[in-house]
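Here is my note on the model you sent. The points are numbered so that you can follow them with the structure open beside you.

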Amino acid sequence: MHEDDEFEPDYGPFEDELPKNDAMYIRESTKRYNKNSVLEAHIAECHQSDIENTNIKFSEDKYERWVNLMNGLLDVVSKELGCDTLQDLCNLADKNCVYPKHSEHIFQEKDLKLLSIFNATNEYVFEFGSKNIIVQSPYSIPFLLHWRILASLIQQTEMGENIISVEKIKSLRPVLSNYCYPRNWPSSDLRSKIRKDNRIKLTFGIHPRIVELENSSKLNEWISDLELMLKANRVVAVGECGLDNSGRKWDVEKQIKFFKNQIVIAVKRDLPLVIHCRGDERTDEMCLNTLVRLLPKHFKLHRHCFNGDEVMYRKWKTSFPNCKFGISPFILNDQKYPKFRSLVCNMKLKDIVLETDAPYLHSELEELGSPLMIKDI
């Protein structure tokens, strides 16, 4: 199947397929968003802004994080360019930044609140004398935040080629977009839009909780469709799939059957598996035993949102040396998982994959998860 495949997994949703609070955040499939772009839908749902004027808003509790991110970026750029201080970076920008002719390099009135917060957090003493501030030449540290100046400085670094150049963007670490609810598999048009960013890789599978909700006829149909989806460009894994008996009655034979179906497809297409395994020790044992019976020892696995102990970690690594373990917001909850942080600190770095599982997993202070949580993880 070519990159611009035309296969349409367009199924209608049914009530309570997903948790009500979460459903609105993963509906970027089928025909709900045909009138708006994915970006517009994201702005409308996650930032509660007016699409017409494209003002993206975020709450004040994120300001400190934004300042930290900006400070980190400026620090990295300074070191890359051999500057000892940010004032040295200003001087370098004044000397080396290339500005397009007839372009206006200004901070407008709407930018001043963020600049004021940046200054106050860093205890910079700087007074803005007008509503529109010309930042050319960048004689003060806050001026480094202007996007044109930042872009010009970054482009002068070794990492700049990867960040600025579309051709080199493939060398960046990939971001996995995981689609495991068949009724929400993205349409052909949406898949084409997603693939415009070369960093994004796709996974498709059938989540074990969905297996519980559907009849076998529909699940068999989805298994056939899954094989077609996996032939498309930039699909890098099968899943999430696995077993789940957390907090509910479950049909273990049914879950194992459709788990096996997906394992067979993964082996056939030589694609890694993203494993969802939730429940008690017995569930974990059944999941691992199923994999051991059907997979060669060298097969690649991603143990999604791992929250087990050292015994479980060693057991999976012994069975599958190429298994990677997803470290998620579970590591931020010491009260519920008191020993998990120490386990992660003793894991080999090459065994770890960072993930947020947004919007499902969240911190104690947030109602919904966000990709921004990757920093805390």
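**Notes on the model**

1. The chain has 14 helices and nine strands. The model is a predicted one. Of the 377 residues in the chain, 44% are buried. Among the contacts with a separation of 6 or more, 69% are between residues 24 or more positions apart.

2. Seven strands make up an open sheet, and their order is 3-4-5-6-7-8-9, with parallel pairing. Strand 3 (175-179) and strand 9 (352-354) are the edge strands, and each of them pairs on one side only. From one strand to the next, the twist averages 30 degrees.

3. Next, look at how strand 6 is held in the sheet. Strand 5 (residues 235-244) and strand 6 run parallel and are joined by six bridges.

4. Is strand 6 (residues 273-278) mostly covered or uncovered? It is mostly covered, with six of its six residues buried. The cover is on both faces: Leu 273, Ile 275 and Cys 277 are buried on one side, and Val 274, His 276 and Arg 278 are buried on the other. "Buried" here stands for a relative accessible area under 20%.

5. Helix 11 (residues 252-269) lies across strand 5 and strand 6, and runs at about 160 degrees to strand 5. Helix 12 (residues 281-294) forms a right-handed β-α-β unit with strand 6 and strand 7. Helix 12 lies across strand 5, strand 6 and strand 7, at about 155 degrees to strand 6.

6. The bridge partner of Phe 325 in strand 9 is Ile 352.

7. Now the interior. In soluble globular proteins, nonpolar side chains tend to be buried together. The largest nonpolar core in this model has 58 residues, and those touching the most other members are Phe 204, Leu 273, Ile 275, Leu 291, Leu 301, Trp 316 and Phe 340. Helix 11 gives the most to this core, with six residues. Apart from this core lies another, of 25 residues, which includes Trp 66, Leu 89, Cys 90 and Leu 153.

8. Leaving out residues up to four places away in sequence, Leu 273 touches, among others, Val 238, Cys 241, Ile 263, Ala 266, Leu 291, Leu 295, Phe 299 and Leu 301. The residues it touches also include Gln 262, Lys 300 and His 302.

9. Then turn to a pair of helices. At what angle do helix 3 (residues 63-80) and helix 5 (residues 112-122) pack? The angle is about 75 degrees, and the axes are 10 Å apart. Since angles of 65 to 115 degrees count as roughly perpendicular, helix 3 and helix 5 are therefore roughly perpendicular to each other. On the helix 3 side, the contact is made by Tyr 63, Trp 66, Val 67, Met 70, Asn 71 and Leu 74. Helix 5 contributes Lys 113, Leu 114, Ile 117, Phe 118, Thr 121 and Asn 122.

10. Two peptide bonds deserve a look. The bond from Gly 239 to Glu 240 is cis, with omega near 5 degrees, and Glu 240 is found in strand 5. The bond from Ala 358 to Pro 359 is also cis, again with omega near 5 degrees. Pro 359 lies in the segment after strand 9.

11. Finally, two residues other than glycine have a positive phi. Asp 270, in the loop between helix 11 and strand 6, has phi near 55 degrees. For Cys 305, phi is about 50 degrees, and this residue lies in the loop between strand 7 and helix 13 (310-319).

Definitions and conventions: Residues are numbered from 1 along each chain as its sequence is written. This is a predicted model: local features need pLDDT of at least 70, side-chain atom pairs count only at pLDDT 80 or more; totals for chains, interfaces and linings use all residues. Side-chain values use heavy atoms; hydrogens and water are left out. A nonpolar core is a set of buried Ala, Val, Leu, Ile, Met, Phe, Trp, Tyr and Cys residues joined through side-chain atoms within 4.5 Å. Buried means under 20% relative accessible area, exposed over 50%, partly exposed in between (1.4 Å probe, protein chains only). Helices (H or I, at least four residues) and strands (E, at least two) are DSSP runs, numbered from the N terminus. Contact means heavy atoms within 4.5 Å. Two strands pair if DSSP finds at least two bridges between them. A crossover is right-handed if, with the strands pointing away from the viewer, the path from the first strand over the helix to the second runs clockwise. Axes are lines fitted to C-alpha atoms, for helices over the stretch in contact, and angles run from 0 to 180 degrees between N-to-C directions. Angles under 35 degrees count as roughly parallel, over 145 as roughly antiparallel, 65 to 115 as roughly perpendicular and the rest as oblique.
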